[in-house]
Amino acid sequence: MLQTSDNKIHVANNMMDMDQDPRKRLCFADGRRKVDYVLVYHYRKRSSVRGSPSQHRLSIISNGSYPLGVEEKDQEGRKDEPAEVVVDVGPPDPADGEKIMIREEFEGNLKDAGLEIEHDKENKAHGHAFIRLHAPWQVLSREAEFLKIKVPTKKSYELREEKGLAATMNEVWRKLNQPFQPKVPHQEQEHSRTKFLSHCFSRDKLHLYNIKSKDTFFDNATRSRIVYEILRRTACTRTCQTMGITTLIANGVYDSAFPLHDGDFHPSGQAEGKNDRQLLHDEWARYGAFYKYQPVDLIRKYFGEKIGLYFAWLGVYTQLLIPASVVGIIVFFYGWATVETNIPSQEMCDEDQNFTMCPLCDRACDYWHLSTACGTARASHLFDNPATVFFAIFMSLWAAMFLEHWKRRQISLNYSWDLTGMEEEEEHPRPKYETILLQKRQRKKKNTKNKNETGHEKLTWRDRLPGYLINISSILFMFGVTCSAVFSVIIYRITISALMAMSSDPEVKSNVRVTVTATAVIINLVVILILDEIYGMVAAWLTELEIPKTETNFEERLILKAFLLKFMNAYAPIFYVAFFKGRFAGRPGDYVYVFNDYRMEECAPGGCLIELCIQLSIIMLGKQLIQNNVFEIGIPKLKKLCRTLKDKERAPKEIVEQPGRRQQWHLDYDLEPFDGLTPEYMEMIIQFGFVSLFVASFPLAPLFALLNNVIEIRLDAKKFVTELRRPDAIRAKDIGIWYNILSGLGKFSVIINAFVISFTSDFIPRLVYQYMYSETGTMHGFINHTLSYFNVSNFKPGTVPSISSLGKDITFCRYKDYREPPWSTEPYQFSKQYWSVLAARLGFVILFQNLVITMSMLVAWVIPDVPKNISEKLKKEKTLLVDVFLNEEKEKLQLIQSLFSRDLTQEQQEELNVSDQTSLPLHQTQPGPHPPTSSPAPRTRPRAASFSQFTRQMSMSPQSNITQHTAV
């Protein structure tokens, strides 16, 4: 490495020997200083000519306040190339020269902040240059104190050991769980009975911390977070009015900035010498480890608290899906076991009943027998049975228990990760906000040229009003697009049903409903997937228009918009089938038509619940499979391929570096940048809606969600460990706005399931018939009770079946509804049974909601948010920390008092000696030579011992180890 003077940047060769220690590949060229962060920019060298080295070298000259470029500084390192001289004729684009000056100022400010910088040699015509940053101990300790990072102290205490039955049960549970635990060293330390107290780092209390090595005291994630904080707040005030690395990346000054991974993720063969990335790959990011718990502490240590909380939440959610899946399977098998004894299904399948049903379409459709829908009725019973009501109540309580359990788990993680008492950090403004604010200041400065007005400018609601108006109108327009897509699929179903009914092929006629339902659901799925991607981009664009000030505000507003749009998109077809299909179709002789030609579609003879089940299952499974396999695996690989091709096109004639000699920062730059956790959370939240909202129609939804999540965890883990650049370690105490969305979905699911059971299933009509209208108190005669009569002579002209295979002697046909018969005084009006069933349905909705909400509140009240052992540990640690500081102050006070008393004793002794000498009588003086007379010694003032005295004296004493640390 070339080392220049202090005011020059180190320039190093970016190709090192790969046979060296892999840990040195993460260091500067000296092999000692860690690379804590990497900045990347694209450079374009000036044209090079052959000639004498003594030729004049031109360069861009600024106002004199900026140092020369790297090419100038690296002149000494090019003594091996005497035949080539670089002549800077100026950048082809003035913006390139401006970016160079901005980079020089920014890097100079970073050096002023204490960071150490190392550059690559720009030995190609153009390409990417890497800037490595290292934070020395002085910077790390200073920033750790500012950020109030908690670190373990020397003080420890023993955790209380459980005894009796609880200890035995815990030991048995631990042994049963042993095969499912990941083999991670940090996991083994977690089970230790010794707990070290943690305290915010302070440079004045270094003696409290167990600092074995200053290079390893802060882990890599903490070091990179400290450097990132410096990068965020470092400003460029002379070249441009910008603040932080995010603004510079947005303006194209730098291409990217990222911390390094801990070396390669491929196993090295030595179990003890594995780095954290290799441990995560072997114990977490493999599909073969699907049965193991996640090493959440190691995930947090490597990626930071925010990503650690996401995977912890995903793990809790997946674990709690296990009991929900078991209960759902039991409910499904109960329906399967009782289908043979279900009386309504038997009556529908009984050909002797001979229910002649009205035609399903005009002219082309014939009368048909209800017994032909036997298969639909039997399948409907699998999901529409009394156990479904119990399962809906269970899932509503499950959602409440899940949220309460996650709150407790979150508190436990906050305690173990030293996040208790964490204060909100002040965020820097976003680049877009800064740009618009600067434009506003410039406009105001022009308008008030002659006025000396100074003040703190900020964006007001007037600046954001156009964005708000566009947001509202765009979201309403997107809702309209979603409804239009659903309506288009409805038109497709109606037209295809009519066309297939007109077919002369009896095989086609018999499969009309199955074919139309399956194809319509697939079309719905494709439309949902396409609109999902569009809505994600639209939500980001709309959020930019609002000009949020900070990244947190931007993320929260983006999440809300994306969730509203994607929720509407995913559930609109399901809401239509559950609550609207067949409600507005009319009745025979008075049907509702679309475009005056096509009748509105009706539910299947077995009810709309079986169609809702089909719709929900196909959309849920298809969305998960396609998003997991295509979007999460295929699209990142496609993006990486495009970036590789783009880089090759930029420099087609350049010599390609040998892959075996590339450094870690080159390998990490080739990975995909991290775009945040919003897509991951959104996918799981939509799935949570499928599991909780319409679970009454599809009890197997938790099972399919569980199977998906087992794969999803390993898929996300593999993506984070092997395919993404290392994200910045961000501190977070909770999952943020996602918890509020989950809580809202849990409450909304109670209402939805109540209406599904009441209005979509036949549960309430069965109860009403059995207890109000059945003569025997059983379900015999239920099908006949739900079918109304219609006189075929009342058909409108042109709607009667043109060809009837059942004969011409049909006088009445049946249809599913509660209406008066044609011989009644009020023919075809709603009957008393209809109003009785409607009242029962509304009463059930009210009863179900109040019952479930009351039980959910009871569950939330019974389960405390903070576990008892955590609250006890927090109190104990607070007391122990107070004792530590009190003892420290007491020792200091005692030492100061001893120094005071020592000084006073010496002074009193000197005064006593002086007074004794002056009090002797003159006649007692012996003759002889007298010494020269001198004035008595002046009285010395007693002074207090300072802490510097105290530390100097104690540092020379080997008795106290604590004071030696204080001296440091």
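I began with Arg160, which I found in the loop between β7 (150-158) and α4 (165-177). I am working from a predicted model. Is Arg160 buried or exposed? Its relative accessibility is 68%, over the 50% cut-off, so I noted Arg160 as exposed.

Next I looked up what Arg160 touches. Not counting residues up to four places away in sequence, I listed Arg193 and Glu872. I also checked Arg160 against Lys873: 713 residues separate them in sequence, yet their C-alpha atoms are 9.7 Å apart in space.

Then I turned to the cores. Which residues have the most contacts inside the largest nonpolar core? I wrote down Trp313, Tyr317, Tyr571 and Phe694, in a core of 127 residues. Helix α18 (residues 551-580) gives the most to this core, with 16 residues.

Last, the backbone. Most residues other than glycine have a negative phi. Lys148, not a glycine, has a positive phi of about 55° and sits in the loop between α3 (137-147) and β7. Tyr828, also not a glycine, has a positive phi of about 65° and lies in the loop between β19 (812-816) and α26 (832-862).

I checked accessibility for both. Lys148 counts as partly exposed because its relative accessibility is 42%, whereas Tyr828, at 8%, counts as buried.

Conventions. Residues numbered from 1 in each chain as written. Predicted model: local features only at pLDDT ≥ 70, side-chain atom pairs only at ≥ 80, totals over all residues. Heavy atoms only, no water. Helix = DSSP H or I, 4+ residues; strand = E, 2+ residues; numbered from the N terminus. Buried < 20%, exposed > 50% of the residue type's maximum accessible area, 1.4 Å probe, protein only. Contact = heavy atoms within 4.5 Å. Core = buried A, V, L, I, M, F, W, Y, C linked by side-chain atoms within 4.5 Å.
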